[in-house]
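Here is a short note to keep beside you on a first visit to this structure.

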Amino acid sequence: MIKVTIDDVEIEVAPGTTILNAARQAGGELVPPAMCYYSKLPGTGGKCRTCLVEVAAGSTADPRPMPKLVASCSTPAMDGMIVKNKTSERVQTNRGGVVEFLLVNHPLDCPICDQAGECHLQDLGYEHGSAKTRYREERRTFSPIDIGKKIKLHMNRCILCYRCVAVANQLTDKRVHGVLHRGEHAEISTYIENAIDNDFSGNMIDVCPVGALTDQTFRFKSRVWFLKPYEAECACDKCSGKAVVWMFGNEIFRVTARKDKYGEVETIEDKTAWICNDCRYDKKDPSKWNLIGPRKIDRHSVISQGKYATKNDNNPKLIR
Amino acid sequence: MARKLLIEHAAVPGITTYEVYRKHGGYASVEKALKTMSPEEVVEEVKKSGLRGRGGAGFPTGMKWSFLAKPEGVERHLVCNADESEPGTFKDRYLMEKLPHLLIEGMITSSYALGARRSYIYIRGEFMYILRILEKAIAEAYANGMLGKNILGSGYDLDLVVTPGGGAYICGEETALIESLEGKRGNPRMKPPFPAVKGLWGNPTVVNNVESIAAVVPIVNEGGEAYAAIGIERSTGTKLISASGNLVRPGVYEIELGLSVEEFIYGDDYCRGIANGKKLKACVPGGSSVPILPHYLVTKTAAGTDRLMTYESLADGGFASGSMLGSGGFIVFDEDQCIVRNTWNFARFYAHESCGQCSPCREGTGWMEKVLYRLEHGNGTLEDISLLEEINKKIEGNTICPLGDAAAWPVAAAIRHFRDEFEWHVKSPQEAQTRNYGLIQVPLEA
């Protein structure tokens, strides 16, 4: 076991653990945000740069600080490493910069976006963003396209985290989903708009940190905070059948996988509980589900009420 | 006249053919290394030579080679980075076009030193005609027993493959190059693991610039110490400089490191001064990604000493008053050139070439390009200048690969040294459209 210090908290982790995972083991405020890293999908991470942290001391053997901020999701922790996240002014300014970059081409159509209320970018924008944009130029725009019968892609909202590309590469067998073009013009596409037809393609919607990939069966039906999440299970021969159903009265509006507080699909019985498209799109009849009980949502979003109110009170900077 | 170690025979007719190249002392380093030296001895010679990577970063090549992991039973690779696409740099193209066998010779010797059995030359997609030159040369080398099984009876086998890229600047970054070589989208990889541990096909890999590999030939032939005798301090040997811009005689020059910048610009053996009798306004000494220097910092450092063509002297004063030798793309601007327009042009290049993987570079380069476009076309405000500086700071150091830094540095330096010209563009947009700022308001040194 090695010892890392993150924001003055000492954590013991297994060798090879990344700084981000070490922080997650400790939990709480010191966990850096992650927009692209997804622990259940190998190979993700390092791209969005929101998880940047300052390494004040590299290790016991080599206590020099690292000159650059490092991506905590892909940098392994070393014994005796001292990491600064919340306590570092430099990290906070640069994270603010990254959030500003992410919002440069983001349409801010939260009022009509299905992801609103459970959007990581909203949370980040709330923490680090400013009330006004300094971007005066035209934003890049794309038309929404259908990828597959049940998934809608709003490329305008995409922050190119590559999580859905990892889902397509790792959970489905055909490699038709990827990124076209480069730089600002980069766009997620199924090559070329080839509809994705696979039992697990719907998990792209769950991993998407923003509202770029949305569920066609739920689009514009309701705001997420009007719905009541229930833990539910069903007998399914394709997937675990363990899901969260989002209900309004006796109606199921949508079905998602069970997600933890970092927005990642939970591990149940040592397996990542991805759900199949049948469960996600077609089982909207409550009689097909065995409702276990209310699902607690502990991610800081508008669903966990009161979160934003308290934040606002403690942080006068945000009231402008 | 300075010694030429690399391009001495470039003008010999027919030097691209094996026979002529061999007649002029070609493949001597292969014979010497394979017959009389062990791979470790070759690495030792390169270490002694003090050769620093010629691709831009200037990392000591011998040190890079010694970092290569050598686990038992795992193949190792040498990859030559011929994806030369930095604006202002064209030395590798010249070298490969004129002396393809020199690169192949360097590849064989270097691969032998690293124990690589299969080496690659990753060539820029636009250099298709050079690809054909190289393939012809490789076929000749195979026919003459310099490549293939049991080279020169030493028991060492080597296969050499040339692969063209798709023409992306980002594939000049070593991990993006490896991805592209594997047939994937050329996105840089997260480091660690470094290519020396896990590179091409997951095997330990060394990626070197064309010129670095070519420089191994004279190092092995004459010995590392003889090579280190050329140059000053830690900048040893000769370097190819691609001089372009408003010069009387632009072109590729092989210089001994330690030559003064003044001699290089004005000397009769080199560029012979600024074209059309104009005055020097600014200079980018190492390819588009290094900071620009105003005329008063080109030939003298801020401390008043002569600036020399070395890694250290060009970087003297840090980014405040210095620059970098980089890849040796020496771009000279005369008094008629607009720095804002030039900065916009560089920014446009980086915005176009950003791979779009990490957010600061993807969004930041595009943003900078748009702000600079506005400034250049008379629609800017004074806040835009400070906005540019801030975008810069947020990109620099926060990206996966050095492209973000490369995009940020030239803009930062242009604002640092030519802020008055940026402000003039904002204050008199009409004038800025019709005439140039020139040197009118910059006091010229006597």
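1. Are α6(B) and α7(B) parallel, perpendicular or oblique to each other? This is a predicted model, and in it the two helices pack at an angle of about 55 degrees, with 9 Å between their axes. Angles from 65 to 115 degrees would count as roughly perpendicular and those under 35 as roughly parallel; α6(B) and α7(B) are therefore oblique to each other. Their crossing is right-handed.

2. The contact itself is worth a look while you are there. From α6(B) come B:P100, B:H101 and B:I104, and they meet B:I133, B:L134, B:A137, B:I138 and B:A141 of α7(B). Sorted by class, the residues of this contact are 7 nonpolar and 1 polar, with no charged ones.

3. Next, please find the sheet in chain B. It is an open sheet of 4 strands, and reading across it gives the order β3-β2-β1-β4, with parallel pairing. At the edges are β3 (159-164) and β4 (205-209) of chain B, each of which pairs on one side only. From one strand to the next, the twist averages 20 degrees.

4. Both helices from the opening point pack on this sheet. Helix α6 of chain B, residues 100-114, touches β1, β2 (118-123), β3 and β4 of chain B, and its direction makes about 150 degrees with that of β1(B). Helix α7 of chain B, residues 128-143, touches β2 and β3 of chain B; here the angle is about 170 degrees, taken against the direction of β3(B).

5. Strand β1 covers residues 77-82 and pairs with β4(B) in the parallel sense over 5 bridges. A handy landmark is B:V79, which stands opposite B:V207 in β4(B).

6. The loop between α8 (174-181) and β4 of chain B holds B:P192, and B:P193 is in that loop too. Do check the backbone here: the peptide bond from B:K191 to B:P192 is cis, with omega near -5 degrees, and the bond from B:P192 to B:P193 is also cis, with omega near 5 degrees.

7. Chain A has a backbone detail of its own. A:L108 is a residue other than glycine with a positive phi, near 55 degrees. You will find A:L108 in the loop between α2 and α3 (120-128) of chain A.

8. Now step back to the domains. Chain A is divided into domain 1 (2-92), domain 2 (105-215) and domain 3 (224-294). The C-alpha centres of domains 1 and 2 of chain A lie 26 Å apart, and 10 residues of domain 1 are in contact with 11 of domain 2. On the domain 1 side, that contact has 6 nonpolar, 3 polar and 1 charged residues.

9. Chain B is assigned domain 1 (18-229), domain 2 (232-334) and domain 3 (339-434). Between the C-alpha centres of its domains 1 and 3 there are 35 Å.

Methods
Residues are numbered from 1 along each chain as its sequence is written. Chains are lettered from A and ligands numbered from 1 in the order in which they are written. This is a predicted model: local features need pLDDT of at least 70, side-chain atom pairs count only at pLDDT 80 or more; totals for chains, interfaces and linings use all residues. Two strands pair if DSSP finds at least two bridges between them. Axes are lines fitted to C-alpha atoms, for helices over the stretch in contact, and angles run from 0 to 180 degrees between N-to-C directions. Two residues are in contact if their C-beta atoms, placed from the backbone, lie within 7 Å. Angles under 35 degrees count as roughly parallel, over 145 as roughly antiparallel, 65 to 115 as roughly perpendicular and the rest as oblique. A crossing is left-handed if the near helix is turned anticlockwise from the far one by less than a right angle, and right-handed if clockwise. Ala, Val, Leu, Ile, Met, Phe, Trp, Tyr, Cys and Pro count as nonpolar, Asp, Glu, Lys and Arg as charged, and the others, Gly among them, as polar. Domain bounds come from an automatic or database domain assignment.
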